[in-house]
There are 4 protein chains.
Amino acid sequence: MNQPQSVAASNSAYLDYLNVRRRTAELAAPLCVEDQVIQSMPDASPTKWHLAHTTWFFERFILADHAPDYTPVNEHYFYLFNSYYNTVGPMHTRPHRGLLSRPTVAEINDYRATIDERMLDWLDTTQLSGAQQFLLTLGLNHEQQHQELILTDIKHGLAQNPMLPAYTQLSVPESVSTPMNFVTIAERECANGHNGEGFAFDNETPRHKVLVHAHKFADRLVNNGEYLDFIKDGGYTKAELWLSEAWSVLQERGWQRPIYWQDDLESEYTLGGLRDLDMNAPVCHLSLYEADAFARWADARLPTETELECAAAGSEVKGNFYESGALHPVAPGESNGKLRQLFGDVWEWTSSSYGPYPGFKPLAGSLGEYNGKFMCSQHVLRGGSCISPQSHLRATYRNFFYPDSRWQFTGVRLANDA
Amino acid sequence: MNQPQSVAASNSAYLDYLNVRRRTAELAAPLCVEDQVIQSMPDASPTKWHLAHTTWFFERFILADHAPDYTPVNEHYFYLFNSYYNTVGPMHTRPHRGLLSRPTVAEINDYRATIDERMLDWLDTTQLSGAQQFLLTLGLNHEQQHQELILTDIKHGLAQNPMLPAYTQLSVPESVSTPMNFVTIAERECANGHNGEGFAFDNETPRHKVLVHAHKFADRLVNNGEYLDFIKDGGYTKAELWLSEAWSVLQERGWQRPIYWQDDLESEYTLGGLRDLDMNAPVCHLSLYEADAFARWADARLPTETELECAAAGSEVKGNFYESGALHPVAPGESNGKLRQLFGDVWEWTSSSYGPYPGFKPLAGSLGEYNGKFMCSQHVLRGGSCISPQSHLRATYRNFFYPDSRWQFTGVRLANDA
Amino acid sequence: MNQPQSVAASNSAYLDYLNVRRRTAELAAPLCVEDQVIQSMPDASPTKWHLAHTTWFFERFILADHAPDYTPVNEHYFYLFNSYYNTVGPMHTRPHRGLLSRPTVAEINDYRATIDERMLDWLDTTQLSGAQQFLLTLGLNHEQQHQELILTDIKHGLAQNPMLPAYTQLSVPESVSTPMNFVTIAERECANGHNGEGFAFDNETPRHKVLVHAHKFADRLVNNGEYLDFIKDGGYTKAELWLSEAWSVLQERGWQRPIYWQDDLESEYTLGGLRDLDMNAPVCHLSLYEADAFARWADARLPTETELECAAAGSEVKGNFYESGALHPVAPGESNGKLRQLFGDVWEWTSSSYGPYPGFKPLAGSLGEYNGKFMCSQHVLRGGSCISPQSHLRATYRNFFYPDSRWQFTGVRLANDA
Amino acid sequence: MNQPQSVAASNSAYLDYLNVRRRTAELAAPLCVEDQVIQSMPDASPTKWHLAHTTWFFERFILADHAPDYTPVNEHYFYLFNSYYNTVGPMHTRPHRGLLSRPTVAEINDYRATIDERMLDWLDTTQLSGAQQFLLTLGLNHEQQHQELILTDIKHGLAQNPMLPAYTQLSVPESVSTPMNFVTIAERECANGHNGEGFAFDNETPRHKVLVHAHKFADRLVNNGEYLDFIKDGGYTKAELWLSEAWSVLQERGWQRPIYWQDDLESEYTLGGLRDLDMNAPVCHLSLYEADAFARWADARLPTETELECAAAGSEVKGNFYESGALHPVAPGESNGKLRQLFGDVWEWTSSSYGPYPGFKPLAGSLGEYNGKFMCSQHVLRGGSCISPQSHLRATYRNFFYPDSRWQFTGVRLANDA
């Protein structure tokens with residue numbers, strides 16, 4: 001993560017802080033207390049844990065170290081709301097977060113209010129150093145990541161309920177069918193990684209030269225209609241389409257369709273409850289295994305992260321993000337000769353394993369645990385989703401998940417060798 | 001379960017119903033909404049599930065079959081709140097009860113209120129047949145069983161929280177040390193099983209002759225002080241004291257002390273939070289494995305259920321029950337030449353596997369699933385505990401759990417061959 | 001186990017030893033070296049392990065303690081071939097027995113020869129005390145138990161092989177159909193347990209009075225034809241026929257028929273390879289769960305061990321044992337008004353949990369681990385099987401297995417209340 | 001895999017075939033029958049399975065398709081010895097290979113002899129097409145891969161035995177201590193992948209341009225002395241040194257040292273039995289997790305596969321291979337300003353996930369399952385080991401294993417950014 005050169009005006013920091021924190025509260029607002037307690041699988045966390053953990057981040061990494069004579073709100077919280085930072089102390093284990101009925105949702109909201117007050121007070125009274133400004137920005141970006149997780153985790157949680165309750169009402173626009181065209185890109189050298197202007201995570205650095213071989217890109221994401229063809233063609237029953245470990249996982253868990261699709265192959269569970277599948281909208285909630293098998297079936301392949309970053313470089317970060325209110329991927333606009341849907345809708349799986357860039361150095365200290373220690377066995381995803389905050393994304397942004405993960409808003413764009 | 005001969009006055013049924021139902025609400029009162037959602041292990045259920053399931057029992061087995069033109073409150077509830085009655089339909093699987101955020105606690109309390117209204121209306125307007133009167137009594141006894149489970153389950157749930165929150169404040173009396181004496185009982189023939197006066201579960205029937213060999217009984221339960229001696233003597237490290245499968249379980253799960261004892265061997269988690277161990281109070285929350293190993297260490301054995309029933313037959317059902325407010329086992333009164341603590345404090349493990357009595361017939365229909373299908377691999381416990389409702393117990397009462405169960409209020413009385 | 005009063009003539013001991021040891025070698029003879037290595041599940045052991053362990057038993061419990069200046073054959077063997085005697089030292093864990101390629105089969109046969117030589121030398125030169133005579137007899141009975149296990153374990157092992165190799169050729173007689181009649185037995189008091197004449201295991205003692213309630217007994221075992229009717233009637237699909245834990249196991253493991261029956265429901269794997277089902281022969285390799293579900297379907301119940309012992313008391317130990325050469329259960333002879341097949345063919349499941357008799361004391365010392373520590377969660381089986389050595393059985397004999405065990409030669413006789 | 005341009009003289013093919021097949025038999029020679037049966041974990045296979053599977057490969061992919069009127073030796077073998085080729089039919093599952101006592105070792109050796117005869121006959125009588133010549137060479141390279149696996153699998157198998165039997169006697173030379181120096185390599189563009197001369201697997205193609213950033217390389221492998229320092233410095237107890245998933249695995253499995261090191265940290269199990277650790281010899285049997293943690297501790301990083309291939313390109317394939325008879329990694333010779341140990345001793349873990357090269361196309365047909373379907377979640381290793389056949393290796397060779405694999409001869413060379 002790059003340290004900003006100059007100290008931001010405290011006024012802007014103040015507003016950024018308020019905006020991000022308010023957004024988180026907005027996300028929790030449609031949920032009843034009970035919804036905020038449940039943890040539907042070890043990979044997901046309860047909403048109230050997200051509310052507390054993001055707050056802990058500010059308390060632990062800013063206030064505890066930078067506010068004078070700081071007294072923690074509750075010593076237990078340092079244990080309960082530490083996610084995975086071994087160097088700052090032991091922690092409550094992740095699969096057991098859903099067993100914590102206390103602190104209650106109300107107590108956690110009090111915790112949030114107290115830390116907000118202290119943070120704003122600190123911002124008011126402190127001439128932030130560059131490092132402090134960076135910590136603040138990091139904390140806000142961290143909270144934005146958890147905003148997306150609040151939605152993916154609660155979607156998974158509510159989907160376990162046979163009554164299939166909705167999180168909220170969606171604003172999904174009408175859709176039209178548009179063809180998928182391929183765009184050819186010649187071999188070229190370009191640069192990957194963040195250029196140092198504005199905030200970036202450490203895993204986006206350093207910027208470095210890359211060689212991109214000639215390839216082709218689909219100009220839009222794969223849609224539900226195309227994925228349905230794959231299923232109807234026996235996609236889930238043909239071993240030859242699947243990676244070896246994918247085939248094992250599929251057999252073991254009985255996968256036959258995307259996680260939220262219903263048996264009828266006509267409807268899917270969404271944050272707005274059960275909805276008809278829009279055949280023009282991007283297929284969503286694929287594991288890497290499914291994305292890869294689909295690509296093989298379609299006689300194509302997944303993009304590399306290098307290819308995608310080079311393609312996205314210089315493009316405006318526009319698309320179907322959280323702010324659109326759809327909270328669901330939507331059909332793209334008309335073909336325009338360019339790559340559509342580069343940002344938003346669904347995270348795009350890449351064939352690239354998540355690893356360090358040449359010359360990568362993690363952040364110093366405990367925050368070095370933020371990204372680097374996950375650089376193994378996961379795959380990079382690019383572009384953000386329909387539930388990502390728009391201001392959180394950029395062309396160099398690297399998301400990462402295990403290849404069997406299906407509960408994120410993940411989809412696929414086809415690529416091929418030229 | 002014996003069908004009562006005569007129809008009870010509807011007034012008494014009315015009051016019984018109100019009292020039992022009110023008691024359940026009273027038990028949930030100290031809990032916040034969040035507490036009522038969590039499920040700390042597959043064996044335990046969320047409080048709100050207990051609140052709904054006991055209500056479902058009346059709706060499903062009485063109103064749906066016996067109230068004219070009955071319309072269910074919510075069809076989903078028939079699926080969600082069926083526990084294990086395969087013959088009335090499919091059900092939500094037990095280990096996933098803690099994933100249900102909806103219906104909310106408030107909705108479940110509404111459900112309770114609606115069913116109460118309908119039940120009272122039905123009681124008001126119906127001349128109960130013997131069979132109907134029996135169903136009502138069964139439903140109330142069923143709810144009393146769940147009253148105890150609400151407390152054991154929430155104790156386990158709160159104990160997972162590093163903050164060790166209390167359920168409520170306990171009223172525990174002062175304790176004094178009294179010796180453990182053995183009482184010798186000569187060989188005799190007696191009768192076991194329920195005699196048909198008043199309510200009993202089907203598993204207590206039929207009454208039948210049994211032969212009891214000469215034996216000795218400790219006149220009180222084993223206490224914490226004695227159990228601490230066992231631990232300090234290396235009880236948990238000596239394979240020769242343990243049943244073979246007990247030793248495997250102990251090694252696999254790392255058992256070193258009773259489940260709620262703290263590392264210091266001086267305090268334990270209780271429904272009132274952390275408390276000093278009372279060395280004179282009965283040791284509690286033992287698995288059968290631990291009870292059995294302790295007995296072997298003490299050169300004694302567990303009682304059989306036959307021995308215990310014969311010993312308790314004719315005694316008044318008095319002791320430390322829920323009504324005492326201790327919600328924790330307490331030291332016995334002075335020795336009096338008789339068996340003390342035959343009822344209340346802790347359920348007493350027996351060496352008897354839970355099986356059918358000679359001539360046993362389960363109830364007809366779906367309610368035949370209530371007890372009979374569990375007659376395998378479990379052990380019988382006798383006497384009730386400090387959190388059992390007093391009116392629920394009797395000398396013929398058979399409780400049963402798996403030998404590795406530790407979260408019930410279970411303890412041990414020593415016996416021996418004469 | 002009762003200590004014989006007088007010292008047996010050394011000549012007879014000598015012959016007994018030779019005969020039993022020779023029989024074990026005879027059992028291994030049809031197997032190739034490879035067969036003797038494999039372990040098909042944690043419950044089963046490789047043949048070569050049985051060959052070594054039974055030898056270890058003599059070395060460890062007789063020679064090491066009773067032969068002057070004894071030097072062990074190989075110190076490693078004390079670790080490798082100890083089964084479960086914690087008090088004589090640590091041991092190689094059971095599920096890993098199949099990973100031991102060394103000592104080889106030839107080395108183990110050498111070990112057997114060496115110990116045989118030493119044992120015979122010891123018998124030659126020692127005036128056996130009563131205790132020593134008892135140890136010898138115990139060792140021989142122990143080896144007989146493993147003779148049966150060698151066959152059950154290798155049957156399970158060979159059955160894993162898609163080529164379904166035979167262990168040997170069977171001598172199975174022609175069968176005829178005979179009706180199943182019920183015999184009524186009035187309430188009576190009788191004695192259970194061993195009377196001290198000849199050898200018995202400690203778990204058969206002490207002899208004690210029992211009260212048997214009036215009941216009925218089928219005069220022969222349930223046969224394949226009857227069991228096929230159960231299957232065809234949907235026996236494996238009706239939850240109401242099964243114990244609760246049985247139903248879970250069945251669903252989890254996908255049980256649809258007895259373990260060695262083929263899909264076609266017309267043939268089964270036997271020690272002689274694949275054979276047509278003989279509809280008149282006893283159904284074999286049932287778990288307790290299946291035996292119990294069948295009984296419920298047939299509107300009957302399992303016998304208790306008390307009932308079976310009282311029924312068998314005084315009968316000659318005759319039937320289809322190993323010596324018949326069938327190595328498979330066979331159809332009974334004509335009805336004769338008495339209980340047929342009380343011994344041999346298949347072990348008969350009882351509803352009795354395996355526990356201590358009133359006044360039971362395990363053997364002193366390490367041999368106390370032989371039986372007592374398994375008195376939990378298992379069920380008693382009676383009567384021996386078609387692969388038991390005839391001389392090993394008696395009316396008081398108690399075998400025991402877990403209710404989900406299917407690889408033993410286990411079947412079912414129906415009983416009912418009178 | 002590249003298709004050779006011209007047909008090789010049949011004489012050379014004949015000799016190659018004989019040599020490779022003979023080597024396999026040589027590898028099995030020191031093993032007793034029992035050793036060839038055991039399977040110590042799902043990842044390993046019994047020796048006799050390797051002997052049969054490599055034979056099946058020739059029968060299935062050459063004889064069955066290319067020999068006129070071919071009749072299989074045994075139809076069962078097509079099922080039993082298929083490893084993972086779904087497109088040629090179903091197969092016996094991998095974790096159950098150790099349950100197959102039949103066919104026996106002798107029968108498998110007969111199978112080998114029969115196929116050898118048929119293959120040689122086919123070679124004698126056939127003018128091989130380019131495609132056939134390729135299949136032959138592929139089959140021989142395939143068998144060479146299994147030669148290495150025979151040794152790694154049997155090492156793991158014998159190591160499970162408390163007696164720690166040796167596979168054979170080793171010829172390990174004296175060792176001297178030499179420093180580890182770093183060599184700096186400037187940024188450069190080079191080519192990766194096979195150039196088409198001679199045999200290569202499909203995963204080594206196509207040759208393509210790569211950009212290598214400036215970096216440093218250690219001029220020898222990390223040795224036992226250095227790894228011991230890591231352990232003594234608490235390497236296995238410091239979370240901050242480990243990848244997140246590595247730390248979980250380490251805690252779950254209780255790792256504290258390399259898999260074959262003994263508790264005393266002074267000796268290790270080798271194919272020659274227990275031996276003192278040679279502090280100058282390369283540390284061996286590291287998982288990627290351990291290699292990576294060591295590198296982090298040493299303030300370095302793992303090489304990428306690109307870096308290693310560029311470094312090795314043009315070097316002669318010389319080093320400590322199977323042919324040396326050491327069967328164990330040995331200390332390097334004196335420093336010489338170049339990278340030592342680039343081939344042989346231990347496979348070198350890289351930070352590169354195993355994936356397709358740009359433009360990669362798997363072989364057509366069933367042999368396309370050989371490599372491509374494993375391109376997920378594994379890491380590339382380079383250079384071969386002390387048990388690899390020398391003729392099997394080349395600079396472009398890509399081996400791959402999961403990051404938690406420890407039973408291969410795997411070690412680590414340090415790299416760093418320049």
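## The interface of chain A and chain B

In this predicted model, chain A and chain B touch each other, with 30 residues of chain A in contact with 30 residues of chain B. The size of an interface is often given as the accessible area lost when the parts come together. For chain A and chain B, the buried area is about 2400 Å². Carbon and sulfur atoms give 66% of that area.

Specific polar links also cross this interface. The rule finds two salt bridges between chain A and chain B. One of them pairs D35(B) with R102(A), and their closest N and O atoms are 2.5 Å apart. Between these two chains, eight residue pairs are in polar contact, with both residues at pLDDT 80 or more. On the side of chain A that touches chain B, the elements giving two or more residues are α3 (75-80), α4 (105-125) and α5 (130-159) of chain A. The largest share, three residues, comes from α3(A). Sorted by class, this side of chain A has 16 nonpolar, ten polar and four charged residues.

## Chain pairs without contact

Some pairs of chains do not touch. No contact joins chain A and chain C, and their closest C-alpha atoms lie 13 Å apart. Chain B and chain D are likewise joined by no contact, with their closest C-alpha atoms 13 Å apart.

## The disulfide of chain A

Over all chains, the count comes to four disulfides. In chain A, a disulfide joins C190(A) to C310(A), with an S to S distance of 2.1 Å. The link of C190(A) and C310(A) is right-handed, with 45° about the S-S bond. C190(A) lies in strand β2 (residues 188-192) of chain A, whereas C310(A) lies in helix α9 (residues 305-312) of chain A, so the pair ties together parts that are 120 residues apart in sequence. Both C190(A) and C310(A) are buried.

In chain B, the sulfur atoms of C190(B) and C310(B) are 2.1 Å apart, and the two residues form a disulfide. The link of C190(B) and C310(B) is right-handed, with 45° about the S-S bond. This pair links distant parts of the chain, for C190(B) is in strand β2 (residues 188-192) of chain B and C310(B) is in helix α9 (residues 305-312) of chain B, 120 residues apart. The relative accessible area of C190(B) is 16%, so C190(B) is buried. C310(B) is also buried, with a relative accessible area of 7%.

In chain D, C190(D) and C310(D) form a disulfide whose sulfur atoms are 2.1 Å apart. With 45° about the S-S bond, this link of C190(D) and C310(D) is right-handed. Distant parts of the chain are linked by the pair: strand β2 (residues 188-192) of chain D holds C190(D), and helix α9 (residues 305-312) of chain D holds C310(D), 120 residues apart. C190(D) counts as buried because its relative accessibility is 17%, under the 20% limit. C310(D) counts as buried at 7% relative accessibility.

C386(A) is in no disulfide. The cysteine sulfur nearest to that of C386(A) belongs to C284(A) and is 5.8 Å away. C386(A) is buried, with a relative accessible area of 0%. In chain B, C32(B) is in no disulfide, and the nearest cysteine sulfur, that of C32(A), is 14 Å away.

## Helix α9 of chain C

Helix α9 (residues 305-312) of chain C is mostly covered, with seven of its eight residues buried. The buried residues in α9(C) are E305(C), E307(C), L308(C), E309(C), C310(C), A311(C) and A312(C). Their cover includes β2 (188-192), β3 (208-212), β4 (215-218), β7 (347-353), β8 (379-382) and β11 (415-417) of chain C. After α9(C) comes G314(C), whose phi is positive, near 90°.

## A buried loop residue in chain B

Q378(B) is found in the loop between β7 (347-353) and β8 (379-382) of chain B. Is Q378(B) buried or exposed? Q378(B) counts as buried, because its relative accessibility is 6%. Apart from neighbours within four places in sequence, Q378(B) is in contact with S352(B), S353(B), Y354(B), F400(B), F401(B) and Y402(B).

Definitions and conventions:
Residues numbered from 1 in each chain as written. Chains lettered and ligands numbered in written order. Predicted model: local features only at pLDDT ≥ 70, side-chain atom pairs only at ≥ 80, totals over all residues. Heavy atoms only, no water. Contact = heavy atoms within 4.5 Å. Buried area = accessible area lost by both parts, 1.4 Å probe. Salt bridge = Lys/Arg side-chain N within 4 Å of Asp/Glu carboxyl O. Polar contact = N/O pair within 3.5 Å; in protein donor to acceptor, adjacent residues only side chain to side chain. Helix = DSSP H or I, 4+ residues; strand = E, 2+ residues; numbered from the N terminus. Nonpolar A, V, L, I, M, F, W, Y, C, P; charged D, E, K, R; others polar. Disulfide = S-S within 2.5 Å. Buried < 20%, exposed > 50% of the residue type's maximum accessible area, 1.4 Å probe, protein only.
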